[in-house]
Protein chains: 2
Amino acid sequence: MRKGLLIVISGPSGTGKGTVCDVLRKNNPDIAYSVSATTRASRPGEKNGVNYYFHTREEFERMIENGELLEWAEVYGNYYGTPLKKIEEKLAQGIDILLEIDTQGAMNVKKKCPDGLFIFLVPPSLTELEKRLNGRGTETQESLDRRLGSAVAEIEMGKEYRYVVVNKSVETAANEIAEIIKAERHRTDLNIDMLNSLKQRKEIL
Amino acid sequence: MRKGLLIVISGPSGTGKGTVCDVLRKNNPDIAYSVSATTRASRPGEKNGVNYYFHTREEFERMIENGELLEWAEVYGNYYGTPLKKIEEKLAQGIDILLEIDTQGAMNVKKKCPDGLFIFLVPPSLTELEKRLNGRGTETQESLDRRLGSAVAEIEMGKEYRYVVVNKSVETAANEIAEIIKAERHRTDLNIDMLNSLKQRKEIL
């Protein structure tokens, strides 16, 4: 059986990775999604267990201590993290699983799971990124400046990812990521069982 | 500018990599093809400079001595090799180039160009491989036995390649390889110029 693929998607704030991942999920229902745990306040319409698992700081810190998170990070004063147990279960079953996390978190996952598929989503330009952050309407001027300032440093982090995808349009970016996932499913290290069985005189298909 | 991708395709004898690469080339005229040098006799219909560069053993050995080959190997008593100069020129121009070579040659290329894209094509089963070798009609019983015997060892070599593709049908295999190539064009190491320019406040598209 083919092993599951741990897909990690990051990008500078405002690149639109949430929207791209939503379309990717809709078009590829075979990819499981990891719901992150967070201490940030829920935005209107967000549901616990669907968009995030919402926790108090005390709860979150207990999860860190108990080793229940694949990675976690504090971003703009809030904790974000990835519950470990469900991911391990799904990968063992051959299910591909998608993590949409920030660069700090992704680098922690890379240390623990170097065989993951690391994709970095970038905006077409810094000018375009600024436009998108302004359009979101949830940013204060201070937080906008902070996000733009850190974008350049975050883009540099992109060099740690295997693939880079430009978010020209949501559909195009989602399709390009789907193609990368489809290609990576052919990776030899995920298909060792198939290669081994091929050496015996029996049909593999 | 994106760097060119060196695509290396191998597989056990009789897997059909020649036919698959022909379809891949026809469907993807943007991929340049490396014409190999060889000392084996030309088969009916093969043209010098198109299918192979046909050489005498003396000429071939002079090319080895002069370092004019990216890789070379002796297979079933004949030399096969890849002329280096044209490949370097095309990669520098951002052109992707396809090498269809045996596992020995591929492993030599891997040492010199670890950033190449290494794809291993396998038959659906050993039984199917035997059928295809028989159907070719150009094999003696002795050479057929030898090829089948070495197929198992060659399949083990597949673990040295990043991707494995099963040749269920020529069109399917050619399409799957085309998708892998398309995905790998997003590799960060081929797109460093784009990432660097993105950090400046200018449009990259």
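Which residues touch the most other members of the largest nonpolar core? I started there. The core has 92 residues, and those with the most contacts to other members are A:Ile7, A:Val8, A:Ile119, A:Ile177, B:Ile7, B:Val8 and B:Ile119. As background, nonpolar side chains tend to be buried together in soluble globular proteins.

**Confidence.** I noted that this is a predicted model. For chain A I read an average pLDDT of 89, with 97% of the residues scoring at least 70. For the complex, the predictor gives an ipTM of 0.82 and a pTM of 0.83.

**Strand S7 of chain A.** I then looked up S7(A), residues 97-100. A:Ile97 and A:Leu99 point one way from the strand, while A:Leu98 and A:Glu100 point the other way. I checked burial for these four residues, and all are buried, the charged A:Glu100 included.

**Strand pairing.** I followed S7(A) to its partners. Strand S1 of chain A, residues 6-10, runs parallel to S7(A) and is joined to it by 4 bridges. Within this pairing, A:Ile9 has A:Glu100 as its bridge partner. Strand S2 of chain A, residues 32-33, also runs parallel to S7(A), with 2 bridges between them. Here A:Tyr33 is bridged to A:Leu98.

**Symmetry.** I superposed chain A on chain B: a rotation of 180° with 0.0 Å of shift along the axis does it, at an RMSD of 0.0 Å. The two copies are therefore related as by a two-fold rotation axis. Both copies use the same surface, since 100% of the contact residues of chain A recur in chain B.

**Interface.** How many residues of each chain are in contact with the other? I found 34 residues of chain A in contact with 34 of chain B. On the chain A side, the elements that each supply at least two residues are strands S8 (117-122) and S9 (163-166), and helices H5 (126-136), H6 (141-157), H7 (170-184) and H8 (192-198). H7(A) gives the largest share, 5 residues. By class, I recorded 16 nonpolar, 6 polar and 12 charged residues on the side of chain A that touches chain B.

Note on methods
Residues are numbered from 1 along each chain as its sequence is written. Chains are lettered from A and ligands numbered from 1 in the order in which they are written. This is a predicted model: local features need pLDDT of at least 70, side-chain atom pairs count only at pLDDT 80 or more; totals for chains, interfaces and linings use all residues. pLDDT is the predictor's confidence in each residue, from 0 to 100. Copies are superposed by least squares on the C-alpha atoms of residues with pLDDT of at least 70 in both. Two residues are in contact if their C-beta atoms, placed from the backbone, lie within 7 Å. A nonpolar core is a set of buried Ala, Val, Leu, Ile, Met, Phe, Trp, Tyr and Cys residues joined through C-beta atoms within 7 Å. A residue is buried if 20 or more other C-beta atoms lie within 10 Å of its own, exposed if 12 or fewer, and partly exposed in between; C-beta atoms are placed from the backbone. Two strands pair if DSSP finds at least two bridges between them.
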